[in-house]
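This briefing is intended to be read alongside the sequence and the coordinates. Please keep both in view while going through the points.

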Amino acid sequence: MPNLRFAVGIQRLVPFLGYHHVLMILIAIAIILLSLLLAGCSSSSPLIPGIFLISFYYQSYTPTYDTTQVDPGVTAAIANIVGRAMLEVRVGYFGICVNPDGGDFLCSNNATLLAEQVSVDQDPLNLIWVAETFKNEVVFPYLIIVAIILAFITFLLLATFPGWHEERDARTGSDIDIKPFPSRPVSQVALALIFIASVFVLVSVLWQHTASVAAAQVAQDFGNGSVRSGVGTSAMVLGWFGFALLIVVTIGLLVMILSIHLLDKLTED
């Protein structure tokens, strides 16, 4: 019986789910994904240290030699300085996570506090300082913050769209389901806001991806044979999926506005 009641409830709910409700759900998911992206490395909570833009860590490997290297032997000197260090540092938009010895990550938005908990032998090449420089000088989270605000405003505007309601037909006397068209100015404002939010997210994600890949390669070349670096896959996925959802909403709103405009013309004719 409970399953039957649930099925009946769903059947009653689905017809009253409007087109704009689907767009609102997509916006909500995009906001959640982008918020998780911003929250990466901001705390030591489970999964949060796994959301990072770039990571630097000590690891011994065979150095890369090239004819353009004036002093190839410097890799041996770096290896002697690094010793047995195994520290890993990850960078997020608003925080840094450090793993000094392969245990749990320590996360904070204050790199000085993290550095005070690490010995010289654990971070001989000052990777924490490098990570802090990257976060402060390269990372720019404010476009994503503005995009989230614009997306939320669009969500509120879509919530004002009229839904299905019953009215009694004067001729037949029966109840019929009616859904009025949403306000054209409100629809156009919502389209403009979500389009701007999409552009902001696109610029931020491209910036994030390009800067992380470039910094990772440069850092690894400087620590040739002793330092590895990588780009955070989770952060990239969150950013690009958030952008994709906002683009889908933008296209959906545009199609809705054009469809309503076409129906108005056909009705007038």
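The points below are grouped by topic.

The model is predicted. Five strands form an open antiparallel sheet, one disulfide is present, and a search of the whole structure returns one salt bridge.

**Sheet and packing helix**
- The strand order of the sheet is β4-β3-β2-β1-β7, with antiparallel pairing.
- At the edges lie β4 (106-108) and β7 (227-231), each of which pairs on one side only.
- Direction ignored, neighbouring strands are turned against each other by 15 degrees on average.
- Helix α7 (residues 184-222) packs on the sheet and touches β1 and β7, its direction making about 170 degrees with that of β7.
- Strands β1 (residues 54-58) and β2 (residues 88-91) run antiparallel and are joined by four bridges.
- Serine 55 stands opposite arginine 90 of β2.

**Salt bridge**
- The side chains of arginine 90 and glutamate 88 form a salt bridge, with an N to O distance of 3.0 Å.
- Arginine 90 and glutamate 88 are both buried.

**Cysteines**
- Cysteine 97 and cysteine 107 are joined by a disulfide with an S to S distance of 1.9 Å.
- The torsion about this S-S bond is about 105 degrees, and the disulfide is therefore right-handed.
- Because cysteine 97 belongs to strand β3 (residues 96-99) and cysteine 107 to strand β4, the pair ties together parts ten residues apart in sequence.
- Cysteine 97 counts as buried, at 0% relative accessibility, and cysteine 107 is also buried, with a relative accessible area of 15%.
- Cysteine 41 takes part in no disulfide; the nearest cysteine sulfur, belonging to cysteine 97, is 3.8 Å away.
- Cysteine 41 likewise counts as buried, at 0% relative accessibility.

**Nonpolar cores**
- The largest nonpolar core has 60 residues, of which Leu37, Phe56, Leu87, Val89, Val98, Leu246 and Leu253 touch the most other members.
- Another core, of five residues, lies apart from the largest one and includes Cys41, Phe52, Cys97 and Phe105.
- Beyond its neighbours within four places in sequence, valine 89 contacts residues including Ile54, Phe56, Ile96, Val98, Leu127 and Ala131.

**Threonine 75**
- Helix α3 (residues 74-82) contains threonine 75.
- Threonine 75 has 8% relative accessibility and so counts as buried, the limit being under 20%.
- Residues up to four places away in sequence aside, threonine 75 touches Pro63, Tyr65 and Asn224.

Key
Residues are numbered from 1 along each chain as its sequence is written. This is a predicted model: local features need pLDDT of at least 70, side-chain atom pairs count only at pLDDT 80 or more; totals for chains, interfaces and linings use all residues. Side-chain values use heavy atoms; hydrogens and water are left out. Helices (H or I, at least four residues) and strands (E, at least two) are DSSP runs, numbered from the N terminus. Buried means under 20% relative accessible area, exposed over 50%, partly exposed in between (1.4 Å probe, protein chains only). Contact means heavy atoms within 4.5 Å. A nonpolar core is a set of buried Ala, Val, Leu, Ile, Met, Phe, Trp, Tyr and Cys residues joined through side-chain atoms within 4.5 Å. A salt bridge is a side-chain nitrogen of Lys or Arg within 4 Å of a carboxyl oxygen of Asp or Glu. Two strands pair if DSSP finds at least two bridges between them. Axes are lines fitted to C-alpha atoms, for helices over the stretch in contact, and angles run from 0 to 180 degrees between N-to-C directions. A disulfide is a pair of cysteine sulfur atoms within 2.5 Å.
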